[in-house]
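Dear colleague,

I am passing on to you the structure that we talked about, and below it I have written out what was found. Please keep the sequence and the 3D view open while you read.

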Amino acid sequence: MAPLFSRRTRKNPADCTVTLIGKPGCHLCDDAQKVIETVCAETGASWEKKDITEDAELHRKYWEQIPVVLVDGAQHDFWRVDPARLRAALGA
């Protein structure tokens with residue numbers, strides 16, 4: 001019989017990668033980057049930035065949603081990034 005409440009092991013934020021998908025000149029992308037930089041510095045998570053103007057597939061997939069934030073490759077947020085929600089997604 002499975003336990004009613006199972007304990008999940010928390011992931012280590014340092015093992016996570018946050019990806020910001022945006023484009024140059026986007027003020028929402030700049031705001032999102034500031035939040036991501038702060039949260040990643042606090043948690044030890046790594047982050048990367050991808051430019052939709054340099055990648056046709058990213059442009060096709062996300063052009064109406066930028067900035068888009070992925071956590072370990074899964075879409076987490078778009079347009080605005082909530083720091084508390086990002087910390088929770090990183091397991092912090």
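What follows goes through an aromatic pair, then a histidine, then a glycine.

Please bear in mind that this is a predicted model, and that the values below are computed from it.

The count of aromatic pairs comes to one, and this pair is formed by Phe78 and Trp79, whose rings are arranged edge-to-face, with 4.6 Å from centre to centre and 70 degrees between the planes. The arrangement is called edge-to-face because planes over 60 degrees apart are counted that way. Phe78 is partly exposed, with a relative accessible area of 34%, and Trp79 is also partly exposed, at 44%.

His76 lies in strand E4, which covers residues 74-78, and its relative accessible area of 11% makes it buried, since buried means under 20%. The side chain of His76 is joined to that of Asp77 by a polar contact of 3.4 Å. If neighbours within four places in sequence are left aside, His76 is in contact with Val69, Leu70 and Val71, and also with Arg85, Leu86 and Ala89.

Gly44 sits in the loop that runs between helix H1 (27-43) and strand E2 (46-51), where Gly44 is partly exposed at 44% relative accessibility. Although Gly44 and Ala14 are 30 residues apart along the chain, their C-alpha atoms are separated by 4.7 Å. Not counting residues up to four places away in sequence, Gly44 touches Ala14 and Pro13.

Technical notes
Residues numbered from 1 in each chain as written. Predicted model: local features only at pLDDT ≥ 70, side-chain atom pairs only at ≥ 80, totals over all residues. Heavy atoms only, no water. Phe/Tyr/Trp six-rings, centres within 6.5 Å; stacked < 30°, edge-to-face > 60°. Buried < 20%, exposed > 50% of the residue type's maximum accessible area, 1.4 Å probe, protein only. Helix = DSSP H or I, 4+ residues; strand = E, 2+ residues; numbered from the N terminus. Polar contact = N/O pair within 3.5 Å; in protein donor to acceptor, adjacent residues only side chain to side chain. Contact = heavy atoms within 4.5 Å.
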